[in-house]
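Colleague: I have a chain open and would like to go through it with you. Can you take my questions one at a time?

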Amino acid sequence: MKKLMLAAVGLTGILASCGSFGAAPDGTNAVMRKVTTEYKIAGTDPARFVGCDRITNPTDGRATDTQVVVNFTAAGNLSKVDVAIVGASGTKKTQTIQAADLKKNANNDYQAIFEFKSASNDLIPASIIVSPNPQFREPRNVTVDGRDRVGSFHAEILVYTTGGDTFPITSKNLGSDGNIDVYSKCTLASTAQPLSQ
């Protein structure tokens, strides 16, 4: 039993050093799970999610938006969270969400959903699954050209407890589960090209 407890403490230390886990003195804790978007590179397994400044062949009129989903778990005495999208250049867009407005997805993770206009670095919180619920969009396959990569972003969350403590968690150290490459243009796969192409 002692070895199991030491292993658990060791794992907590490893997660904390990566920044994907955080905790407050009162036991409130949170874990960053992953960041996804509505676009994934066709043929990648596991899926490699990307941000697109522009979709060359939009089917829904949203040629310059990318839906970004930040998934995290949290337990304890949460007051609110600041969810931020952070660009590789350090630009940061933050949305504050009260604990009462947090909702969970089917995997029991909290899910912050944003509309991100990456070309203008404009984060438009579609909301955090509050009423009215934003329409979650299933990821669609896209093709990209590596020469069109213009940057990347990750997510950061600052957790506030009811006792006044705060602690951060980040997706920066989660590899491809937490860092999203952004391309100046993407093309929806398996979609007919417009006549102008």
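Modeller: What follows goes from the whole chain to a few single residues.

Colleague: What kind of model is this, and how are the residues numbered?
Modeller: It is a predicted model, in which local features need pLDDT of at least 70 and side-chain atom pairs count only at pLDDT 80 or more, while totals for chains, interfaces and linings use all residues. Residues are numbered from 1 along each chain as its sequence is written, and side-chain values use heavy atoms, with hydrogens and water left out.

Colleague: What share of the residues is buried?
Modeller: Of the 197 residues in the chain, 41% are buried. Buried means under 20% relative accessible area, exposed means over 50%, and partly exposed lies in between, with a 1.4 Å probe and protein chains only.

Colleague: And which residues have the most contacts inside the largest nonpolar core?
Modeller: Those are Val70, Phe72, Val81, Val83, Phe153 and Ile157, in a core of 27 residues. Such a core is a set of buried Ala, Val, Leu, Ile, Met, Phe, Trp, Tyr and Cys residues joined through side-chain atoms within 4.5 Å. Among the strands that each supply at least two residues of this core are S5 (66–75), S6 (78–87) and S11 (149–161).

Colleague: What does Phe153 touch?
Modeller: Not counting residues up to four places away in sequence, Phe153 touches a list that includes Val35, Val68, Ile85, Phe116 and Ile180. Touching, or contact, means heavy atoms within 4.5 Å.

Colleague: Which residues are in the second core?
Modeller: The second core is separate and has nine residues, including Ile41, Ile55, Tyr183 and Cys186.

Colleague: Let's move to Gly51. Where is it, and is it buried or exposed?
Modeller: Gly51 is in strand S4, residues 49–52. Gly51 counts as buried because its relative accessible area is 1%.

Colleague: What is Gly51 in contact with?
Modeller: Leaving aside neighbours within four places in sequence, Gly51 is in contact with Thr66, Ile180, Asp181, Val182, Tyr183 and Cys186.

Colleague: Which residues of S4 are on each side?
Modeller: Phe49 and Gly51 are on one side and Val50 and Cys52 are on the other, and all are buried, so both faces are covered. In a regular strand the side chains alternate between the two faces of the sheet.

Colleague: In which sense does S4 pair with S13, and how does S3 run against S4?
Modeller: S4 and S13 pair in the parallel sense over three bridges. Strand S3 (residues 39–41) and S4 run antiparallel and are joined by two bridges. Two strands pair if DSSP finds at least two bridges between them. Lys40 has Phe49 as its bridge partner in S4, and Cys52 stands opposite Tyr183 in S13.

Colleague: Which residue does Cys52 form a disulfide with?
Modeller: Cys52 is joined to Cys186, with an S to S distance of 2.1 Å. A disulfide is a pair of cysteine sulfur atoms within 2.5 Å, and by this rule the count is one.

Colleague: Is it left-handed or right-handed?
Modeller: The torsion about the S-S bond of Cys52 and Cys186 is about -95 degrees, so the disulfide is left-handed. The pair links distant parts of the chain, 134 residues apart, with Cys52 in strand S4 and Cys186 in the loop between S13 and strand S14 (187–188). Both Cys52 and Cys186 are buried.

Colleague: New topic: which side chain has a polar contact with Thr56?
Modeller: The side chain of Thr187, at 2.8 Å. A polar contact is a pair of N or O atoms within 3.5 Å; within protein, one must be able to donate a hydrogen and the other to accept it, and residues adjacent in sequence count only if both atoms are side-chain atoms. Thr56 is in the loop between S4 and S5, and Thr56 is buried, with a relative accessible area of 12%.

Colleague: And where is Asn71 found?
Modeller: Asn71 is found in strand S5. The side chains of Asn71 and Asn105 are joined by a polar contact of 3.3 Å.

Colleague: Last one: which residues does the cis peptide bond join?
Modeller: The cis peptide bond joins Asp45 and Pro46, with omega about 5 degrees. Pro46 is in the loop between S3 and S4.

Methods: Helix = DSSP H or I, 4+ residues; strand = E, 2+ residues; numbered from the N terminus.
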